[in-house]
Amino acid sequence: MSNSLRELIDQSRKATEIIADESNQSTPNFSRRNFLAGVSTGSLVLMGKVASGRNSSESNLALANPSKVSAASFAPDLFVSIDSDGTVNALVHRSEMGTGIRTSLPRVLADELEVDWERVKIHQAKGDKKLGDQNTDGSNSIRFFFKTMRIAGATARTMLEKAAAIKWSVDAATCYAENHQIKHMGSNKSIDFGELVETAKSLDVPTPDSLKLKPRSKWKFIGKDAPITDMKEILTGKAVFGIDARMENQLFAVIARPPVVGGTVKSFDATQAKTIPGVVEVIELPRFKGAPMFQQLGGVAVCANSTWAAWQGRDALEIEWEAGENETYNSKEFAKELKATVNKPGVAMRSEGDAKSVIKNARKVISADYSVPHLSHAPMEPTCAVADVKTDAVGRVTSCHVLAATQNPQAVQQAVGPAMGVPNDDVLVNVTLLGSGFGRKSKPDYCVEAALLSRQLKRPVHVTWTREDDIKHDYYHAISAIHCEASVDDTGKPTAWLQRVAYPSIGSTFALGSDTPASWEAEMGHTDLPYSVPNLQLEVGKAKSHVRTGWLRAVCHIQQNFAVASFADELAVAAGRDQLEFLLDLLGKDRKIDLKAAKLANRGASPIEHPYDIERLKNVLRRVANNSNWVDRKSLPKGQGMGIACCRSFLGYTGHVIQVDVKKDGKLDISKVWCSIDSGTIVSPDRVHSQVEGAAIMGTSQARYGEITFKNGRAVQSNYDDYKVARMSDSPKEIFVDVVESSAAPAGVGETGIGSFAPALCNAIYAAIGKRFRDLPLKNHDLSWS
Amino acid sequence: MTLRATVVAIQNLTASKSMHRYSVMATINVNGKVLELKDVPDSTPLLWVLRDHLGLTGTKYGCGVSECGACTVHVDGEAIQSCITEVGDIGEANVVTIEGLSEDGSHPVQKAWAEHNVPQCGYCQVGQMMTAAALLKENNDPSDEEIEEGMWNICRCGTYPRIREAVKAAAKEMKK
């Protein structure tokens, strides 16, 4: 998610935000202190217990410093505290959904603090804007907080060194930290961190710029692997995900939502539903107001004493819906409209030279249209949350606690606050583990549902989305069309490049009427075109959204890099040239793209720390070609082939080579995948490997099967049987990941591995059987050959 | 019978029964203990009985239609999908969930999963391990093809390459 999307969401929520008025308290019984209680201090396992019995001394501490675990601990920084027994408490404010972030960020802090890793305790933070950005999205966690964690660790270390110096009456410059002890140079004095806690607590906290950070050569944890923090809990079934979150006396809710976005309940009959044993209450939820944002979809909720009873009750409801204006939406027709849109002039987002007239006067022009349908996130764990809302005698909210699988607890505060009529900061949000997210769980409509139901029922309510709910009511990845056109010279080299994209903008979910791809969307694979072509024209076309459009892992790179890297392959084939050589030529000389001239926001990152470096892009391409023995591919028999693609995505660089084996009957085996990735400095190499492996599997799902269609405004698919995703048997047989060692600033990883996968796969299929597939997914095509 | 065929057989069996069977099972054998069930209709899927009534939340919901395998448990040693298995069909059979696979995560499959750093988000891994444990009990030297056929569970994070290696490692360990 780009910075500008953050701004957009910020603007849209500001309109609804309730501002705390301390002088004239609008919520009289509102005990702010108690209800901000710091469950931030509870580990995930603890959380369930803490949730029901909060303790006020803990809450006071949490207000002061979210990392502080007990009154006795030394807490020099928001993210770290040390207990008198030497236990180091590391606060993780980003959500764990499979990237390993609950291990990686504390490892950065621990490295700088020189701790014994066995003595680090990891705590999950509540939603708290003091901690900075908590939106675990956009492959930002390491990039945003690498330095913050180092400063936190160095702050504590420096103060412990000073405390030891005082204790020993020596110069602090002669004291140094090593493996959970402060040692003295020139003597054999050493002392455990725990024994310095009392002294360190009384010292002034040094300013960040006065700190001396460890040199890279002394790093012990950064760049080295460790098992993930939650390994044992995960493997023994004890890990707590959103679906497992429990509050005392909670009810379970399953909700019937309008089949068409924007629809409403005309009438409903709950008589049958109420006969289901275990059903306690049936409640109508109003529809969202204005743009959908993160508000509830509305519908009818059945609350019961078990998930299954609620589900049975939901199925027994008789509801008459008012479908609303989106009922006219049919995605098959819309795909045709998009194709027509990209075949007529649009609005130029980046323009260099005079592509239009060069193409007009060229002897040879090559063009192709590509498309990708709507996609659903379909995380293994559907969206789930439990909320406990308390009200006073006149129904005003006095406290609100949400425990959820969320990628962004601050977004939960921002969505639930207005719905409950309380300031955002007064919504206590705790975070469980996430059964993956892929962007779905940074949109907390499900948390609002839980809060609305809890307020009405005056007891905690847990909302579980069924898989059908998940597939039918998602914030879908946009359906898209991309037109690529190039004039080429006698050698097949492009002289001008014209490209148009059209897809509903994510902006439409936050601002009604938004109907054109935004610059930050276009910049994911379209306007950031890395090719060196003298004449460029990159345009966007209008597309209205008829569903909730949202970001899905890799976002617009999914469709835009698919087109851009497929088209390069088509040009190479037309030129009769080796694809690797052609691509390297097309990327041009080593250079840093002038971001300002190209009007690229670079995800808000500085061009010094994160330049758009063509040399690095060419490097991953060369490496992956080398690793895959690209030059020898000609010896493969018909039906087998290799494809290559590269991209810069989320500030990281990837190159993919994929080898396929297509049987005569069209059965596709993805035999091998090679990926080289350069994401700058790496904290946890094995987790980078696993993210890139996972991206290949998700890329496989998207390319082979991913397709949500809409008929009369209703999603046609409903579960994994008709929204197929890759299993082991149809995934790549082998995946080889090569992580470039780099001292550059950390870039994205989680989403970076997606962009060049699908085009490399389709390029490989073309090499194998001579058929070019431009409209994903592959399941709609005949891959047979003779 | 392959695991898939077993699943289909159970599915057919389940489909033939009435949706609203309310005769109530009094007890169920889970992880070697006889547990009391209170007011649980026989038609309730075993998954929700384990999770909501018995508090054994290690077993996960993923699809509800036996497509993903996240809810896999063992019934008399065989891997079944608890989301489509009515609790009334369990009778006296022994149910083993992840909480009972081993006391401390020491089952060879769990150990292999840790060694290969298989989990990403971890949500589907319980089902994956229950499938793997049953597979290896039946066949302690599975070929690549047999692993692919047997390990049909969905993982959206994409841990399949690690699962494949971990199953092989666990097989080796179990043969010892």
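Figure 1. B:Asp39 sits in the loop between strand E2 (33-36) and helix H2 (46-53) of chain B; helices (H or I, at least four residues) and strands (E, at least two) are DSSP runs, numbered from the N terminus. Its phi is positive, about 50 degrees, although B:Asp39 is not a glycine. Please keep in mind for every view that this is a predicted model, in which local features need pLDDT of at least 70 and side-chain atom pairs count only at pLDDT 80 or more, while totals for chains, interfaces and linings use all residues. Residues are numbered from 1 along each chain as its sequence is written, chains are lettered from A and ligands numbered from 1 in the order in which they are written, and side-chain values use heavy atoms, with hydrogens and water left out.

**Figure 2. A cis peptide bond in chain A.** A:Leu776 and A:Pro777 are joined by a cis peptide bond, with omega about 0 degrees. Look for A:Pro777 in the segment after helix H20 (757-769) of chain A.

**Figure 3. The interface of chain A and chain B.** Here 60 residues of chain A are in contact (heavy atoms within 4.5 Å) with 52 residues of chain B. The size of an interface is often given as the accessible area lost when the parts come together. Chain A and chain B bury about 4600 Å² between them, 59% of it on carbon and sulfur atoms; this is the accessible area (1.4 Å probe) lost on being put together, summed over both parts. The rule finds seven salt bridges across this interface, each a side-chain nitrogen of Lys or Arg within 4 Å of a carboxyl oxygen of Asp or Glu. B:Arg162 forms a salt bridge with A:Glu693, where the closest N and O atoms are 2.8 Å apart. On the side of chain A that touches chain B, H19(A) gives the most, with 10 residues.

**Figure 4. The largest pocket.** This pocket holds about 490 Å³ of space. On a 1 Å grid over the protein atoms alone, a pocket is an open set of points with protein on both sides within 12 Å along at least five of seven lines, a cavity is a set where a 1.4 Å probe fits but cannot get out, and lining residues have an atom within 4 Å of a point. Grid points are joined across faces, edges and corners, and a volume is the space filled by probe spheres set on the points. The pocket has 17 lining residues, and those closest to its centre include A:Arg157, A:Tyr176 and A:Lys214. E5(A) gives the most to the lining, with four residues.

**Figure 5. A salt bridge between two loops of chain A.** A:Lys214 pairs with A:Glu114 in a salt bridge, the closest N and O atoms being 2.9 Å apart. A:Lys214 lies in the loop between helix H7 (197-201) and H8, and A:Glu114 in the loop between H5 and strand E4 (120-124), so the pair ties together parts that are 100 residues apart in sequence.

**Figure 6. The largest cavity.** Its volume is about 540 Å³. Among the residues closest to its centre are A:Thr99, A:Ser139 and A:Gln691.

Technical notes
Buried area is the accessible area (1.4 Å probe) that two parts lose on being put together, summed over both.
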